[in-house]
Amino acid sequence: MLVDFIGSPVPASSEWTSDYEDRWDVTGGKAGWYGVLSNDSVPVVLRPQNHSHDLPPTPSPEQLKEMEEETNRQFELLKINYSRLLDDLDGELKEDLRSGRHLPRIVDKALRLFNLKQVVQEVETSVMSKVSCTACKAGVGLLQHYIRGGKTRDDIVKITYHFCVSLNIQHARVCEGITELFGGEVVYVLKRITLGPEEICSFVIGDACGDVYNPYHEWKVVFPPVPKPVVTPLNAPVSLKCVCKEEDVFQHGAPTFKVLHLSDTHFDPYYQEGTNADCGEPLCCRLTNGPALNSQSAAGRWGDYRKCDTPKQTVDHMLQHISSTHPIPRSDLPNIRNLFYSTYKGEDSSNDKGNKRHKAHKTTVSGNTDEAIPGKDSPSTDDIDYILWTGDLPPHDVWNQTREENLGVLKETVAQLTKTFPGIPIFPALGNHESAPVNSFPPPFIQNDFAISWLYNEVDNQWRQWLPSSVSHTVRRGAFYSVLVRPGFRIISLNMNYCNNKNWWLLLNSTDPAKELQWFIYELQSAEFSGEKVHVIGHIPPGHSDCLKVWSRNYYRIINRYESTITAQFFGHTHFDEFELFYDPKDLSRATNIAFVGPSVTPYQDLNPGYRIYYVDGDHKSTTRAVVDHETWVMNLKEANLYNYPIWYKLYSTRSAYQMPSLLPQEWDSFLNKLPTDTKLFDLYYKHYWKNSPVRPTCDQECKKRMLCDLRSGRSHDRKGLCQELESRIDANTRTGWRAWIYNGLALSYVNYFTGFCWVGDSVREAFTVD
């Protein structure tokens with residue numbers, strides 16, 4: 001039986017289902033025309049059936065006190081041989097949960113077993129192993145015992161704060177902030193689910209915690225009864241068919257759009273030069289960290305390679321640099337940027353004859369109809385046609401954030417972009433750090449004090465400067481939207497926080513939150529009918545370990561079905577310069593799509609600041625809307641701080657650096673297949689991956705396997721199926737396999753997150769040691 005927040009039973013029946021079911025009509029009242037997408041056709045979460053998930057019997061107050069004292073004592077005994085005890089813990093947990101033992105032995109042993117510093121490192125970097133899995137099971141089990149024992153939210157916050165401080169997991173103020181921020185929602189969610197530690201931790205951590213069958217979180221999206229069009233081989237865009245110098249390729253080829261991609265700015269309004277950059281907290285370089293003890297630990301003027309985010313002057317300098325570096329006149333081409341503002345009245349053109357859907361949309365990208373745009377008829381000097389802005393604006397002080405401060409960062413960043421790029425369309429996507437607390441994005445059925453409307457309503461107000469008013473209803477509902485950019489060209493922005501496995505709200509019901517994916521299918525099917533090409537933008541890459549497995553699997557199916565419509569995807573989140581490939585599920589040798597993962601503006605952590613420029617096939621008769629080429633621009637942070645003179649420069653152009661004939665998916669697949677054996681090429685890619693950071697670590701065989709598997713994995717938590725062949729080529733002469741790889745870690749991301757048990761800390765560089 002489910003228990004609600006105040007202790008009264010919640011029936012496991014249709015009444016419960018209605019609380020967590022979303023009846024929004026994704027078709028906007030056109031379900032009959034669409035064919036199958038009625039409300040009743042979308043699967044709902046399975047009702048509770050497996051009563052083996054019930055929590056153990058309630059312990060007495062004396063037992064609870066004894067448990068707390070014993071747990072605290074065992075936390076202090078950390079120097080235990082890991083390999084000797086790990087194998088039998090999972091079996092003991094299963095036995096204890098079945099028998100109803102009041103405190104599973106795993107809580108005793110696990111708290112003695114793992115090095116908390118390693119758990120902290122893995123939580124912060126999303127490099128999850130069995131150590132974090134065991135910690136998660138112990139913590140969730142303990143929290144559920146406290147909840148079942150009648151502990152209040154305040155009691156649990158005090159207990160976790162006590163553990164955090166007494167074990168020196170973090171400084172007292174960080175422990176206090178984390179437990180206060182996350183305590184309420186974690187307790188709220190755990191009181192309403194019957195899942196046990198195994199299911200919860202498999203959900204949150206992924207395949208490092210086993211592929212535990214979870215009937216509450218198995219679902220599939222519904223496709224319309226329209227056959228998939230015959231896939232025709234993709235050809236390189238016309239823009240690439242001339243043989244000429246790099247600087248002339250776009251003059252002699254077909255027109256292109258020049259697109260700026262900004263991601264993960266993590267602007268820190270409290271950054272202070274000279275403060276302690278080795279503060280031992282999740283974010284440093286602030287006045288509250290005190291002055292540096294020596295010159296080596298002092299925060300630099302323009303930023304720092306350690307756990308520090310982006311100073312305001314660095315963001316300002318970057319935007320000024322972009323504005324002054326990319327204003328090349330293009331008098332030989334149509335004013336493409338201004339074409340975005342043209343009103344759509346159904347005029348025929350070489351690209352939209354018969355495009356009824358395009359002609360029906362009279363709203364412009366600016367949100368106005370038949371309204372003159374200032375400067376619309378004057379010659380343009382900027383050659384940035386539009387901007388992709390893929391989220392993560394606030395800094396990494398995840399223990400110290402409020403809704404008001406995060407909204408303030410949003411408003412200030414919007415004002416910066418509007419001032420620097422007046423009249424240039426900007427297409428935003430929401431990051432996981434925009435909410436307070438971080439990663440907290442309740443689905444629409446949560447309508448109490450935890451509701452996310454405080455963020456989505458303000459996001460709509462801010463984004464409306466660039467988006468049509470017609471998308472307001474989907475932005476306010478779930479922070480996603482679809483915009484017709486040009487005749488035959490559409491951009492769809494997804495809220496990837498509904499795939500975020502650190503979003504605890506999804507434990508209540510992960511079935512297509514906000515019906516975003518079903519809406520996505522509707523938009524893509526409409527685009528297919530209209531002959532439109534689509535670019536997809538978002539924050540968390542769908543193949544990243546932070547993306548929920550069931551969500552990612554459904555997304556992968558959608559990309560495969562509409563591979564002829566979707567020509568590119570753009571994400572951020574990892575802070576690195578990389579990509580993800582998608583393959584035909586029936587033929588893994590055939591690459592079908594590409595997701596470009598843009599570099600971060602923030603140097604957090606060990607990185608140079610950076611941004612990306614794309615060239616996209618533009619307006620002409622045979623346009624593909626594919627990415628023709630892209631460049632990564634960076635600033636050498638070490639030299640900027642040393643000489644107090646930041647210099648932004650082009651690190652590389654992709655086709656030139658990697659000698660690629662085009663950037664089509666099959667060419668990226670060919671490039672990927674060279675990396676396991678071509679050491680020189682891999683070293684070049686590794687340099688670009690780290691944005692040429694002078695403090696980047698060395699990359700051993702396991703690092704190489706992780707990185708290349710990331711490139712192949714457009715579907716999360718399926719590394720064994722996607723990466724065995726790559727791994728065998730890299731590691732042909734060793735006995736190391738995918739099991740050892742999963743043990744050691746899955747992917748890098750530099751995204752702060754804290755689970756409900758407050759394991760957030762400082763030692764990113766310490767590894768687990770075996771006595």
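This is a predicted model: local features need pLDDT of at least 70, side-chain atom pairs count only at pLDDT 80 or more; totals for chains, interfaces and linings use all residues.
Me: What makes arginine 553 and glutamate 218 a salt bridge?
Reply: Their closest N and O atoms are 3.0 Å apart. The cut-off is within 4 Å, so the pair counts as a salt bridge.

Me: Why is this pair said to tie together parts of the chain?
Reply: Arginine 553 lies in helix H19, and glutamate 218 sits in the loop between helix H10 and helix H11, so the pair ties together parts that are 335 residues apart in sequence.

Me: Why is arginine 553 called partly exposed?
Reply: Its relative accessibility is 29%. Buried means under 20% and exposed means over 50%, so arginine 553 falls in between. Glutamate 218, at 39%, is also partly exposed.

Me: How do you know that lysine 312 forms a salt bridge with aspartate 316?
Reply: The closest N and O atoms are 2.8 Å apart. That is within 4 Å, so the term applies. Both residues lie in helix H12, four residues apart, about one turn of the helix. Lysine 312 has a relative accessibility of 38% and counts as partly exposed.

Me: What makes aspartate 460 and arginine 476 a salt bridge?
Reply: Here the closest N and O atoms are 2.7 Å apart. With the limit at 4 Å, the pair therefore qualifies. The pair links distant parts of the chain: aspartate 460 is in helix H16 and arginine 476 in helix H17, 16 residues apart.

Me: Is aspartate 460 buried or exposed?
Reply: Buried. Its relative accessible area is 3%, and buried means under 20%.

Me: How many salt bridges does a search of the whole structure find?
Reply: The search finds 29. A network of salt bridges links Lys228, Glu563, Asp584 and Arg590.

Me: Why is H18 called roughly parallel to H19?
Reply: The axes cross at roughly 5° and come within 11 Å. Angles under 35 degrees count as roughly parallel, so H18 is roughly parallel to H19.

Me: Which residues make the contact?
Reply: From H18 they include Leu517, Phe520, Ile521 and Leu524. From H19 they include Trp551, Tyr555 and Ile558.

Me: How do the residues of the contact of H18 with H19 divide?
Reply: Seven are nonpolar, two polar and three charged. Glu516 of H18 and Arg561 of H19 are in the contact. Glu and Arg count as charged, so both residues belong to the charged group.

Definitions and conventions:
Residues are numbered from 1 along each chain as its sequence is written. Side-chain values use heavy atoms; hydrogens and water are left out. A salt bridge is a side-chain nitrogen of Lys or Arg within 4 Å of a carboxyl oxygen of Asp or Glu. Helices (H or I, at least four residues) and strands (E, at least two) are DSSP runs, numbered from the N terminus. Buried means under 20% relative accessible area, exposed over 50%, partly exposed in between (1.4 Å probe, protein chains only). Axes are lines fitted to C-alpha atoms, for helices over the stretch in contact, and angles run from 0 to 180 degrees between N-to-C directions. Angles under 35 degrees count as roughly parallel, over 145 as roughly antiparallel, 65 to 115 as roughly perpendicular and the rest as oblique. Contact means heavy atoms within 4.5 Å.
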